[in-house]
Every structure is written in structure tokens, then in C-alpha cells.
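Here's a quick briefing to read alongside the sequence and the 3D view. Take a look at the structure first, then skim the points below.

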Amino acid sequence: MTEPLGEIGRFAEPSLFILASLGEGPKHGYAIMTDVEAISGQHLGPGTLYAALARLERRGLIAALAPEDRRRPYKLTGLGETTLRTLLEGLSAFARTGLRRLGDAR
Amino acid sequence: MATAMHETSRSVDSTPWLVRLYPATWRARYGDEFVELLQSRPPSARDRLDILRGALDARIHPQLGAVLPSRVATRGDHLLAFAAVTVGVLLTTWAGIIAIALPRWGMGSIVDENLIAASYGAGFLGGVIAIVVLYALAYRYVHELGKVSTTGAFLAATAFLMTVGEADALGVPLLVLGTVLLGPGLAKVVGFPVAAGMVMATAFMALAMFGFVASHGQELLWLWLGAVYGPSWVLLGIPLRHGPRQRPAVALSIATWRVRGS
């Protein structure tokens, strides 16, 4: 069972990046932001980051851990992990299809 | 260098102002960590615009900043909790009467035959309610239990069905297997001590039933069933009254991200 990101609207892409970042382990906001830049090359603004975090938390895809000073780490829930896996497998299938069609066109 | 320091100082100074753009409920939940983020990485002009959009979004969707209640109990949760406690009381009553009636304790003659018959009725009813509780548990806590523990709940329910049907030789080992599988998920619902207690109570009961514990397996079985296994159901029921942790109520449609393969 997965919780899809479709109705997250313009935050779907940042949400996917955040889930992928948390796939490595719990991280707080700043660490997520720098990690997303490293893995995707895209800058995640603080407003977008927290809008996406709030939506993911509310949908039960991530969970907040106990704060460390003022930093609060987040982790993937079981549902979040399943959702991330489903999304990535879908994207992977899409990429394979696209690449094959490119090959066929030549 | 001086420009960079001035930029950092100006950004840090603007942090409270930027955070105040968000609604109070949002600030109460995310304010501290958001300030920490802005102080760790002073926002650029582009970031400030992004924060403005984020604040507007938080005001349009105020529910995003609201702290979810940790538990949401319904009448069904109270009923489930009551049913689990009832199972415990019935099993304890049943086993307690049988244990007292055992010749080993020398009190068999004072226990009325009708009372013994009624106690078996209580045990039967406890088993039937246990089946309902286990199915309800699997349904209500599907997210917390996961596949393995949900399977465990179904196996344990099937085991109760077998024991009610007097197929104990198969039912009790299956009950142990089901409860062991149910244990990890159950720990997320009712806490580790209660879940571990129920797993151990079940396993020890099976050992006693098959005579692996001491020489008086059957006597120990009834005593254990009444004094430990039954009460473990009561302990299971108590935290169940709080219901599951809050989850989003809004069902979402299939994601646009889910792309069909060829």
C-alpha cells in the first residue's frame, strides 16, 4: 500500500527528492536541503522544503524524531519507504521505455 | 569579506521577520527548526521569495501547521479495547476455575460441576471473541502492523478457531507462530512490554501444554493460562482504547508519478 504524491501538486517533485534523501537515513532540514542539491542538482528553497515536509508528515510518509537542539530530524516511515520504492520503480520503467524509443527512432 | 559578513548579518536579522510571515500554528510546530535552518544557511533573495510563497501556502492550508493529535480513538476503538479485556477476563475465569478444581490443589470437591461446565462456556466465548479481536486488530492497525504482523494476526485468529474447535494440538503451535509474527507490529500499537509479554505468555503456555515445562505440564498450563495469558489480554486491551496514531483522513488518488512500464 502506498500514499501517492499526486495531490501534493507543485510540491510533488520536491517531495520525491526529500523522500529519496531520507532513504539514506534520518536528516534534519538543512541536511536534506544540501543533500537534495547534491543528488539532484536542484536548489530546494526553505519555503518549499517545509511546505513539502509538512505535507509528507501529514500523509504519514515521514515522521519527525526528537529535536536535537533546535534541529528536528525526519525519517521515512514504512509507508514512505514503500511509496518511494513504487515511485522510483515507476520512474525507472518510464526511463527505460523512453530510452528504448529513442533507440528505435534511430 | 566585509560584504559577505554584512550579507550574513542582514540575513540573520531578517529571520524573525521572515518566520512571522507564517501563521502562529505553523510557527508553533516548525518555527524553531525553520529559524535554525535560516541561521545555518542565510537565505538568498531567491530563498526569501520562496519563503514568501511558503508562508502564503501555509496560510492557504492552515491544517498543514496544525499539530496532529497523537491518537484518535473512536467508539470502535473503545469496543475493541473492551473486547480484548473481556477475552482476558473470560480466559482467566475459565482457567482459574479449572485450576482450582484440579486434584493437585485438593480443592476439586468444592468446585461445583455446573461451575466447571460454565467455565468451559466462558473459555469458548473468550476464544470466539479473541478471533473477532484479532481480525479487528488487523483491520484497524493495518499500517502499524505491516504485512508480517497482519499475517500473524490472521494466523492467531485461525489458531483460536482451531482451539475452539478442539484441535489444540495444531491450534496452539499455530497460535505461538501467529503471536510471534504479530509481536513486532503489536509493539508499535500497544508498546513493547505488552507485546513482548503476550508473545512470552503464549510461548510458555504452549511449552506447558506439551509438557516441556517441569513435570506437571497440564497443571502449570491452567495456572499459566489463568494467571498470565488471560491477564496479558487485559493488558493488551488497556492501551487499545486510545486508538491508532493520527493519519491523514483524506484519501488520495493515484499519483501522477506512477508511470506505467511498457
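Of the 106 residues in chain A, 41% count as buried, meaning 20 or more other C-beta atoms (placed from the backbone) lie within 10 Å of the residue's own. Heads-up: this is a predicted model, where local features need pLDDT of at least 70, side-chain atom pairs count only at pLDDT 80 or more, and totals for chains, interfaces and linings use all residues. Residues are numbered from 1 along each chain as its sequence is written, with chains lettered from A and ligands numbered from 1 in the order written.

**Chain A layout**
- Chain A has four helices and two strands, taking DSSP runs of H or I (at least four residues) and E (at least two), numbered from the N terminus.
- From the N terminus on, the order is α-α-α-β-β-α.

**H1 against H2**
- Helix H1 (residues 12–22) of chain A packs on helix H2 (residues 29–40) of chain A at about 100°, with axes 9 Å apart; axes are lines fitted to C-alpha atoms over the stretch in contact, and angles run from 0 to 180 degrees between N-to-C directions.
- H1(A) and H2(A) are therefore roughly perpendicular, a label covering 65 to 115 degrees.
- Phe17(A), Ile18(A), Ala20(A) and Ser21(A) of H1(A) meet Ile32(A), Asp35(A), Val36(A), Ile39(A) and Ser40(A) of H2(A), with contact meaning C-beta atoms within 7 Å.

**Cores**
- The largest nonpolar core has 50 residues, and Ala156(B) and Met205(B) have the most contacts inside it; such a core joins buried Ala, Val, Leu, Ile, Met, Phe, Trp, Tyr and Cys through C-beta atoms within 7 Å.
- H4(B) gives the most to this core, with eleven residues.

Key
A residue is buried if 20 or more other C-beta atoms lie within 10 Å of its own, exposed if 12 or fewer, and partly exposed in between; C-beta atoms are placed from the backbone. Angles under 35 degrees count as roughly parallel, over 145 as roughly antiparallel, 65 to 115 as roughly perpendicular and the rest as oblique. Two residues are in contact if their C-beta atoms, placed from the backbone, lie within 7 Å.
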